[in-house]
Each structure stands twice: as structure tokens, then as C-alpha cells.
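Dear colleague,

Please find below the structure that I am handing over to you, together with its sequence. My notes on selected side chains follow it.

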Amino acid sequence: MKTRHFNFHKISLFFFALFMPLTLLAQENEARAVLDQVANKLKNAGGIQAQFTLTTYNGREEAGSSSGTLAVKGRKFKIVTPQIQQWFDGATLWALETGSNEIYVSKPTRVELQQINPYSFIDIYKQGYVLSVEEDTYEGHPIKDIHLISKSTKNPIQELYISIGADNMPFSVRVRMGKKNWLKIRINSIKTGIRFPDSNFALDPSRFPNYEIIDLR
């Protein structure tokens with residue numbers, strides 16, 4: 001009896017090992033299909049304006065929270081919070097911290113932009129991540145939680161979760177910073193189809209005549 005039980009156990013492990021990769025592949029394909037739909041919807045939505053709440057965590061303890069607005073038009077974006085304003089016109093980034101009389105000008109890398117723009121996940125999931133998906137509910141509504149884990153330890157963003165509603169619109173992005181600290185961006189409201197002028201995504205120095213321009217380009 002012991003031998004038969006042992007053989008059954010080995011057979012069970014064999015089938016588990018055989019079908020587990022297929023299950024993971026199916027999960028990854030489903031997760032990628034969901035994010036493809038979300039990315040296409042956002043990219044075809046015209047100008048996007050969102051109100052968000054950003055919360056940082058030290059482990060499981062909330063460390064701070066702030067609200068702001070985000071405007072997006074293609075690769076261009078503008079972020080306004082009580083702490084900082086940032087404009088990106090597709091090539092140049094301007095940053096102005098509240099209480100400072102300095103404006104920093106730079107040409108950010110792709111990696112730096114991923115850490116600044118809350119909507120960078122539109123492209124980031126295609127760049128070396130293992131994907132999985134789970135169905136859940138939030139406030140009584142069905143959602144899909146997409147989990148991304150980087151394949152490379154050199155990636156500055158090692159892990160993130162993207163929560164997608166039934167309308168294929170994201171409402172929460174959670175990013176792991178370092179080994180245990182997290183950053184959560186909750187999308188409180190979103191409007192699409194807005195016609196932003198390009199000037200909305202570039203800082204006009206004439207508006208800040210008494211500020212020092214620190215050019216890091």
C-alpha cells in the first residue's frame with residue numbers, strides 16, 4: 001500500500017508539473033490581453049484628465065498621502081500636487097517644487113519617466129514582466145487585478161498591481177519601491193476626449209519671472 005501511495009503521489013506531482021506551465025501561460029495571456037485592451041482604450045481616448053490620490057507605505061504602515069491632477073496627451077503629461085508641478089512635452093521635463101524659487105529642467109530617460117508618470121504602465125507591461133491576473137470585487141463591482149513582476153533585478157520597478165474595472169479603465173496602480181515599501185495611486189475620477197493645447201504641457205518661464213532656471217539637460 002505504501003508503494004502504491006508513493007507512486008500515486010509521484011504521478012500527481014508529474015501532472016502538476018506538466019500542466020502548471022500551461023496554467024501560468026494562460027494567466028499571462030489573459031493578463032496581457034486585458035492590458036492590451038486598456039492601453040488601446042487610453043491611447044484612443046484623446047486627452048485624458050484624472051484626479052488621483054497618491055499614498056506611500058513603509059511596509060504596511062501608511063507614511064503619507066497627497067492628492068493631485070494629471071493631464072495626458074499622447075506622451076505628454078502635466079502633474080499638479082500640493083508639493084510639486086511637472087510638465088513634460090514629450091522631450092523636456094520641467095519641475096517646480098512648492099515653496100522653492102527654482103525650476104529644474106531635464107531630459108528624462110524612459111526609466112525615469114516610468115517612475116514619474118502614473119500612466120506609464122500603458123507600455124511598461126511589454127518590457128520584461130511576468131504577468132498574472134485574478135478576478136475580484138471592489139465596493140461590490142467586479143474588477144481584475146493584474147500582477148506584474150520584473151524578470152530583471154535591474155529594473156527600477158520590480159513589482160506592481162494594476163486594478164481594472166469592468167469598463168476597461170484603471171482605477172488603482174500599486175508599485176513596490178525597494179524591498180518592502182509601496183506607492184499606491186488611486187484614480188478618483190477620469191475624463192477622456194479633452195482637447196488640450198500643446199502649451200498645457202510646457203512651462204512658460206514668463207509666468208515665473210523671479211525663479212531660477214536650473215538646466216540639467
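**Salt bridges and a buried serine**

Across the whole structure, a search finds six salt bridges, each defined as a side-chain nitrogen of Lys or Arg within 4 Å of a carboxyl oxygen of Asp or Glu. Please note that this is a predicted model, in which local features need pLDDT of at least 70 and side-chain atom pairs count only at pLDDT 80 or more, while totals for chains, interfaces and linings use all residues. Residues are numbered from 1 along each chain as its sequence is written, and side-chain values use heavy atoms, with hydrogens and water left out.

One of the salt bridges joins K144 to E30, with 3.9 Å between the closest N and O atoms. This pair links distant parts of the chain, 114 residues apart: K144 belongs to strand β8 and E30 to helix α1 (residues 2-43). Helices (H or I, at least four residues) and strands (E, at least two) are DSSP runs, numbered from the N terminus. K144 is partly exposed, at a relative accessible area of 27%, and E30 is likewise partly exposed, at 32%. For these classes, buried means under 20% relative accessible area, exposed over 50%, and partly exposed in between (1.4 Å probe, protein chains only).

A further salt bridge brings together the side chains of R176 and E159, at 2.7 Å from N to O. R176 is in strand β10 (residues 170-177) and E159 in strand β9 (residues 159-165), so this pair ties together parts that are 17 residues apart in sequence. R176 counts as buried, with 17% relative accessibility, and E159 is buried as well, with a relative accessible area of 13%.

R217 and D215 also meet through their side chains in a salt bridge, at 2.6 Å from N to O. Here R217 counts as exposed, at 54% relative accessibility, whereas D215 is partly exposed, at 42%.

S150 is buried, with a relative accessible area of 11%. Which residues does S150 touch, not counting those up to four places away in sequence? They are G128, Y129, N155, I157 and Q158, where contact means heavy atoms within 4.5 Å.

With kind regards
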